[in-house]
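Have the viewer open and follow along.

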Amino acid sequence: MGAVQVGMLRALVEADIQPDIILGCSVGAVNGAGFAAEPNADGVARLSRIWGRLSDGEPDLMPSRFVHVAAQMARKGEALHDPETLAGLLEEELAVTRFEELAVPFSCVATDVASAEEHWFESGALIPALLASAALPAVYPAKRVGSREFIDGGVLREIHAHQAVLAGATELFILHVGHLHDRIAEVTRPFDAATRAYWLARKYRMADDLKRIPDWCQVHHLSAGCSPRLRFDDFSRGRELEQYAYEASAQLLRTGIAPPLVPGPYSKDNPNEEDIADDAVMDGIASRLSESRRIFRRAQ
């Protein structure tokens, strides 16, 4: 889903909107760092090329297996995938290697496993910080930086607008990759009930995060344009996701009104796309919620 941010950034650049600071979380940390290095059309083109490579499987960040995701989640080990492929891609593609070399002030957030608190990286080596912010539980292992262990920055909050406000921002552009519209219309099985509970929790958390933004701060929530049905490890439709987000966000910036979300691309290589996509999502959800409970218990 990180590809949608590339389309949003393209719309912002074409609207001649220049960032004063950039904050990133998870895949948004990766995209944010890339754009902070080149906050212009060239930077967007670089990100688009990276996501195009991922769409073509070059490299394959999350190699597919014949075993169902649920079975993979049950096997021993901390995570499904090795982050070294992602680290290699960042080393190859990012224009800079340190925060201090970025053209625009940038920081990214990760979750400190020991304290269950946000940790913001804003200086030093860039790639370790990005890997920490994007260490999605069960998908990638926790990232150790110095003596501390970190997981995905999205574990604690849906968005991190409060940090931008603390930094002095008065106008925010939120490039959110998630979808908070209803996903289950009718509960007919326990899985549906779990999915509904998860989406309700996310919607509440997003609303609560937005509510904490002061009234004097202007907020623009850019649009992804579509509602895809993709496996978490299916990068093949990145170009389409980028285009959907570009068109929707460009319309929003031009008119002040985003178009309604349309059905997006879905993973084609499964006989029951929706069920398997939902299963994969919920597998990741369960691992993230379990990790959240664990770190909070440790903190207490």
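This is a predicted model: local features need pLDDT of at least 70, side-chain atom pairs count only at pLDDT 80 or more; totals for chains, interfaces and linings use all residues.

Numbering starts from 1 along each chain as its sequence is written, and side-chain values use heavy atoms, with hydrogens and water left out.

The accessible surface comes to about 14,700 Å², with 52% of that belonging to carbon and sulfur atoms; the areas are Shrake-Rupley values with a 1.4 Å probe, and for residues only the protein chains shown count as cover. The chain has 10 helices and nine strands, taken as DSSP runs (H or I, at least four residues, for helices; E, at least two, for strands) and numbered from the N terminus. Of the contacts (heavy atoms within 4.5 Å) with a separation of 6 or more, 74% are between residues 24 or more positions apart.

Now zoom in on helix H1 (residues 3–14) and H3, whose axes come within 10 Å and cross at roughly 160°. The axes are lines fitted to C-alpha atoms, for helices over the stretch in contact, and angles run from 0 to 180 degrees between N-to-C directions. The crossing of H1 and H3 is left-handed, that is, the near helix is turned anticlockwise from the far one by less than a right angle, while clockwise would be right-handed. On the H1 side, the contact is made by Ala3, Val6, Leu9, Arg10 and Val13, and on the H3 side by Ala41, Val44, Leu47, Ser48 and Trp51. Sorted by class, that's eight nonpolar, one polar and one charged residues, where Ala, Val, Leu, Ile, Met, Phe, Trp, Tyr, Cys and Pro count as nonpolar, Asp, Glu, Lys and Arg as charged, and the others, Gly among them, as polar.

H3 also packs with helix H5 (residues 84–93): their axes come within 12 Å and cross at roughly 145°, and this crossing is right-handed. Here Arg46, Arg49, Ile50, Arg53 and Leu54 in H3 meet Leu89, Glu92 and Glu93 in H5. The class count for this contact is three nonpolar, no polar and five charged residues.

Stay with Arg49 for a moment, in helix H3 (residues 41–55). At 43% relative accessibility, Arg49 counts as partly exposed. The C-alpha atoms of Arg49 and Arg239 are separated by 9.6 Å, although the two are 190 residues apart along the chain.

For a well-covered element, look at helix H6 (residues 126–133), where seven of its eight residues are buried. Those include Leu126, Ile127 and Ala129.

Finally, the backbone. Most residues other than glycine have a negative phi, and most peptide bonds are trans. Glu58 and Pro59, however, are joined by a cis peptide bond with omega about 5°, and Pro59 sits in the loop between H3 and helix H4 (69–74). Asp16 has a positive phi of about 60° without being a glycine; Asp16 lies in the loop between H1 and strand S1 (22–25) and is exposed, with a relative accessible area of 58%. Ala116 has a positive phi of about 60° too, in the loop between strand S2 (106–112) and strand S3 (117–121), but at 9% relative accessibility Ala116 counts as buried.

Terms used: Buried means under 20% relative accessible area, exposed over 50%, partly exposed in between (1.4 Å probe, protein chains only).
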